[in-house]
Amino acid sequence: MLVITKIGLKMETQLEEIREQQKASWDKFSPGWKKWDDLMMDFLKPVGDEIIRSINPKDNDYVLDIAGGTGEPGLTIATMVKNGKVVITDLSEKMLEITKEHAKTRGIYNIETRACDVSELPFADNTFDAISCRFGYMFFPDMLMAAKEMARVLKPGGRIAVSVWNGPEKNFWVTAIGGTINRNMQLTPPPPEAPGMFRCANEGLIQGLFQKAGLKNTFEKEVAGKLNSETTDVYWNMMTEVAAPFVAVLSQADDAMKEKIKSEVYQALIEKYPDGNIVIDSSAIVVYGEK
């Protein structure tokens, strides 16, 4: 019994450390996300649209948007639930400050922001009519716990839709820089279960977690997108200002190595897009469930 308790405490400590690292990272990179918000929101819009279509918000719904970042798709949902409300959560208060700025600019007042962790949602059971989560799931330290918490706060009959990235072979916008860094710096790959971009790419993974959490009528759908960088410079600058894992690794490289990696990334983009118009395909998976 003592051994089990110690193992449990160790796991909880590890999860807490991951959460604190993630919070610090999102806080640090919030200025980059604010700077590149127009480009990123255009890029991610098809996935947000599919999440919204899946949960089909009604006029008076009370909706939870988890890992909302700079505000989407929560803010768009808020424009659809005119007699309802959207609570937008994120680990990072600084990201939520950007959400509030965007809401004010767009004249959206039926929202509330809460800095909190998906594994400990500060809401009562059976609170929300629908839940959305765009590209947060693959970073949750304990994905089953997250599914159970989301199911807990969802009303009976409530709808949930989340999105995750498909595999690396369908997301050159990540591998163009990520693969080049890995090749040059010979990084040890993280364990498959560690939080990361492609952690949830396996077919049926999230559906299985949803079902274990008691959700039903689950399905998943692939959604294509395009990152319209236009130029190699825009791609490089954006990725090195919003992608925390890449920035962290590059900070360990000397100037010569950084320049080599940058040169090779540019070359890879030019080879793939010889006309110089850097518009990169992406692929995501939207997963749906009901309580």
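Predicted model: local features only at pLDDT ≥ 70, side-chain atom pairs only at ≥ 80, totals over all residues.

How many salt bridges does the structure hold?

Modeller: Residues are numbered from 1 along each chain as its sequence is written, and side-chain values use heavy atoms, with hydrogens and water left out.

First, the setting. The protein has 10 helices and 7 strands. Helices (H or I, at least four residues) and strands (E, at least two) are DSSP runs, numbered from the N terminus. Of the 291 residues, 50% are buried. Buried means under 20% relative accessible area, exposed means over 50%, and partly exposed lies in between (1.4 Å probe, protein chains only). Contact means heavy atoms within 4.5 Å. Among contacts between residues at least 6 apart in sequence, 81% join residues at least 24 apart.

Now the charged pairs. There are 17 salt bridges in the structure. Each is a side-chain nitrogen of Lys or Arg within 4 Å of a carboxyl oxygen of Asp or Glu. Side chains of opposite charge can pair when their charged atoms come close.

Take E50 and K221. Their side chains meet in a salt bridge, 3.4 Å from N to O. This pair links distant parts of the chain, with E50 in helix α2 (residues 37–55) and K221 in strand β6 (residues 216–230), 171 residues apart. E50 is buried at 9% relative accessible area. K221 is partly exposed at 36%.

E93 pairs with K100. Their closest N and O atoms are 3.8 Å apart. Both partners are partly exposed: E93 has a relative accessible area of 35%, and K100 has 40%.

Next come E149 and R152. Their salt bridge is 2.7 Å, N to O. Which helix holds them? Both lie in α5 (residues 143–153), 3 residues apart, about one turn of the helix. E149 is buried, with 12% relative accessibility. R152 is partly exposed, with 23%. Salt bridges that share partners also join E50, R53 and K221 into one network.

R152 has another neighbour to look at. A124 lies in the loop between β3 (111–115) and β4 (128–134). Setting aside residues up to four places away in sequence, A124 touches R152 and V153. The C-alpha atoms of A124 and R152 are separated by 8.1 Å, though the two residues are 28 apart along the chain.

L205 itself sits in helix α7 (residues 205–212). It is partly exposed, at 29% relative accessibility. Beyond its neighbours within four places in sequence, L205 is in contact with M143, R199 and C200. Its C-alpha atom is 9.6 Å from that of V287, 82 residues away along the chain.

Axes here are lines fitted to C-alpha atoms, for helices over the stretch in contact, and angles run from 0 to 180 degrees between N-to-C directions. Angles under 35 degrees count as roughly parallel, over 145 as roughly antiparallel, 65 to 115 as roughly perpendicular, and the rest as oblique. A crossing is left-handed if the near helix is turned anticlockwise from the far one by less than a right angle, and right-handed if clockwise.

Start with α8. The axes of α8 (residues 232–242) and α10 (residues 255–272) come within 10 Å and cross at roughly 130 degrees. The two helices are therefore oblique. Their crossing is right-handed. On the α8 side, T232, D233, Y235 and W236 meet I261, K262, V265, Y266, L269 and I270 of α10. These contact residues divide into 7 nonpolar, 1 polar and 2 charged. Here Ala, Val, Leu, Ile, Met, Phe, Trp, Tyr, Cys and Pro count as nonpolar, Asp, Glu, Lys and Arg as charged, and the others, Gly among them, as polar.

Not counting residues up to four places away, T232 touches Y266, L269, I270 and I278.

Then α6. Helix α6 (residues 172–185) packs on α10 at about 140 degrees, with the axes 10 Å apart. That makes α6 oblique to α10. This crossing, too, is right-handed. Residues of α6 in the contact include F172, A176 and I177, and those of α10 include M257, K260 and I261. The contact divides into 10 nonpolar, 2 polar and 4 charged residues.
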